[in-house]
Amino acid sequence: MSEKNRVAIYIRVSTLHQVDRDSLPMQRADLAAYSRLILNTDDYTIFEDAGYSGKDTDRPKYQEMMGQIRSGLFTHLLVWKIDRISRNLIDFSTMYAELKELGVTFVSKSEQFDTSTAVGEAMLKIILVFAELERKMTAERVTATMISRAGKGLWNGGRIPFGYEYDKDNRTFSINEEESAIVRRIFDDYEASHSIHSIVCSLNSENILTRSGRKWSPTTVDLILRNVFYAGDYRYNAFKGGDRSKSKNENEWIISKDHHPAVIKRRQFDSVQSTLTLNRRHDGTRTKKKVHVFADHVKCAYCGRIMMPYLIRNKGDWIHSGYKCPDRDKGLCDNSAVVDTVIGEYASNFILNILNARRDRLKITTVSRLEDYLISGSCFSHVSGIKKESLEELFTAIKSYSHTDYIFDEDYRTIRNAKHSGSSIANLKAQRTKHKQALDRLTSLFLYSSAAMPEQEYISRREELELKISKINEKIVSLSSSDLITEMPRIDYDSMAGRFIITEKFSGKNHVNYKRIAMDVDAEILKDFFASVLSYLEVKDGMVTKIVFNNGLYVDFKLKGDAKRFSVVRKV
């Protein structure tokens, strides 16, 4: 017998029924005999995967075998039938290309071809061509079936939209009252603010979570706002390959009107679509949009919601912003509106006071001395002091940091997992790519079967893959921007403060004129500066009652009992 050939025999059956009967023993005996009689060697190793599907190559013995083949241990790979390796054309083609590069001969006993010969390789290529044709024909049949079902108003599966529940037995949708209330709020808030980001911050600041228990992202909110399902219509075949960023021509859409109970009135839905379209058109154009410097960073002290920005047009040479609680117009909140001059003056001077306190930290020997530093200045005339707990934490931070450190550095109270998120995101994206590829080639799972894939099986598996992709997308959003308010990059605070020093030349001064800065400095720069430092300011009746910084430090102010409202409030 020849000592040259070394054969890897691969055996697979997909069900326990086949394992319990004679499929494995039969394959094992026949292939061993084939190795001895046809390939002229008894130097073979058998790899068995019992009860594994051929839908992919994620099988333990298959992976072990391929590892040994790559190590040069075998000259031949012998199988009972080509679909024992994989029912997936792409996976099989990839494997075959690798075998060819390694100089390993692929042999299928049942199809009677051996790729070491020209005829055998030609036969394999012919089989692959017809397999590809079958895959495309199967895909066309499935697509036609799904479109036909959608045209009849039948649900084709997928994730149940947030705000709804689905009865599989009766095939009907009903409204989930708790979730639908959040959907209505999203639509209402967008009509009021025209800002998806503001909605995200508002929901997350109140710990309102998605169905999967995660924080909201701009993408998630945008998908809800654009989904006609909430107006009662079922739309199918609107996107290319399931990618919501790539729409098909509207004449290809299948729309079933009044398919289920609506959460949002059609008038409101159409109004929101118009605003979304208008905002998208403005993106990237030369039209300079008004920048609300403190948007997403002003919180209502009464109800905890993020206060929405609005434009204030004065007759003078400066247009600025106001902020109001979104529940104010609904009569659900009595908090007054506040303007950015007040907030900016307050925030700028408190930051300046902290910088001065850090500069003079050797002189600050007591907590009360630090308190004097922090609330010095005319804009703090309504403040009687700082609450003990937050003051003591600031004192510890300022005294413990050397001159080379930054009191606002996120390392003071860092989000520990952030440094590991890069690799995690890369892994998640790799998984997402794998699942998307699986989704694209779903219809080739049974390429070599005589019967087409059953419709229900296709739907079930497609739902499973779509759910996996959706969950991975949420994890990626969660890791990259899971906390839209507090998770910020490392802050070089001295360079940030330098912007003020250069613009206002206030080095050595004890007061910052915010309005003058705002008129001289680009609003985007100001917005980025405050966003890099501040998580939010809490406002009550025009007065700042609390400041929370991105690194976790915070300040609770004690107000004077007879403090008069010092802010400029505008009725809206």
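Start by selecting P326: its relative accessibility in this predicted model is 9%, so it counts as buried, the cut-off being under 20%. You'll find P326 in the loop between β14 (320-324) and β15 (338-339). Now show its surroundings: leaving out residues up to four places away in sequence, P326 touches D189, R305, I306, M307 and M308.

At 4% relative accessibility, R305 is buried. R305 makes a salt bridge with E206, with 3.6 Å between the closest N and O atoms. This pair links distant parts of the chain, 99 residues apart: R305 is in the loop between β12 (298-300) and β13 (308-312), E206 in the loop between α7 and α8. E206 is partly exposed, at 27%.

Next stop: R211 and E179, whose side chains meet in a salt bridge at 2.8 Å, N to O. R211 belongs to the loop between α7 (196-205) and α8 (218-226) and E179 to helix α6 (residues 177-193), so the pair ties together parts 32 residues apart in sequence. Which partner is buried, and which partly exposed? E179 is buried at 13%, while R211 is partly exposed at 35%.

Last, select E98 and R70, a salt bridge at 2.4 Å, N to O. Here helix α4 (residues 89-102) holds E98 and helix α3 (residues 60-70) holds R70, so the pair ties together parts 28 residues apart in sequence.

Note on methods. Residues numbered from 1 in each chain as written. Predicted model: local features only at pLDDT ≥ 70, side-chain atom pairs only at ≥ 80, totals over all residues. Heavy atoms only, no water. Helix = DSSP H or I, 4+ residues; strand = E, 2+ residues; numbered from the N terminus. Buried < 20%, exposed > 50% of the residue type's maximum accessible area, 1.4 Å probe, protein only. Contact = heavy atoms within 4.5 Å. Salt bridge = Lys/Arg side-chain N within 4 Å of Asp/Glu carboxyl O.
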